Amino acid sequence: MRTLYLFSSAASPVFDIARVVEDAQADGWDVCLGLTPTAARWLDRSLDGLAALTGHPVRWDYRLPGEPDVWPEADAILFAPATFSTFNAWALGITDKFVVGVVAEGIGKRIPMVVMPCVNAAYVQHPQFERSVETLRGAGVTVLYGDGGFVPNQPGQGDPAAYPWRAALDAVRGLPPRP
């Protein structure tokens, strides 16, 4: 069985993460769930259940030196939803968050990765956003933004139920195997 690291930021689609884990498992993945610290706080009451669902501890912080890694090695990584802050931090190599550190290093390890942002139309007007899209695509990351992926909504007009999770899981399924 192939291992998928499913990483999520604190955006409203994260509240559907248990269903997404189940869908990924139905696609044949062994899922390890990683969250930004804020997403972990949002899901605090569900973390034990999510760990039971995945069979792995849910992680949101770096392990201490000398502690063993509790997850199997990733065959692929899906980062969704990725907020404006997290998306740009990854592209800029700012690794203060565990999940961003893993994906930043994942570029060098050549782990196949998909990211789907969750940002509103005001955020995407910031010049760094488009640079981050280009940077990540240039590094070999599949960025699901625009047609066939996430399309920004107006501020305050997002519908978490409309977040295209299936497109993200299909993109992961279509990734080439890890070299």
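**Fold and helix packing in a predicted model**

Of the contacts (heavy atoms within 4.5 Å) in the chain between residues at least 6 apart in sequence, 78% join residues at least 24 apart. The structure is a predicted model, in which local features need pLDDT of at least 70 and side-chain atom pairs count only at pLDDT 80 or more, while totals for chains, interfaces and linings use all residues. Residues are numbered from 1 along each chain as its sequence is written, and side-chain values use heavy atoms, with hydrogens and water left out.

The chain contains seven helices and five strands; these are DSSP runs, numbered from the N terminus, with at least four residues of H or I for a helix and at least two of E for a strand. Buried residues make up 47% of the 179 residues, where buried means under 20% relative accessible area and exposed over 50%, with partly exposed in between (1.4 Å probe, protein chains only).

The five strands form an open sheet in the order β2-β1-β3-β4-β5, with parallel pairing; two strands pair if DSSP finds at least two bridges between them. Strands β2 (29–35) and β5 (142–143) stand at the edges with a single partner strand each, so one side of each lacks a neighbour in the sheet. Within the sheet, β3 (residues 76–82) and β4 (residues 113–117) pair over four bridges, and Leu78 stands opposite Val114 in β4.

Helix α7 (residues 165–173) lies across β1 (2–8), β2, β3 and β4, at about 160 degrees to β3. Axes are lines fitted to C-alpha atoms, for helices over the stretch in contact, and angles run from 0 to 180 degrees between N-to-C directions. In α7, the buried residues are Trp165, Ala168, Leu169, Ala171 and Val172. These fall within an arc of 155 degrees when seen down the helix axis, so they line one face of α7; the arc is that of the directions from the helix axis to the C-beta atoms. The buried residues of α7 pack against β1, α1 (17–26), β2, β3 and β4.

In helix α3 (residues 47–54), Leu47, Leu50 and Thr54 are buried. They cover an arc of only 60 degrees, which puts them on the same side of α3, whereas Asp48 and Ala52 are exposed on the other side.
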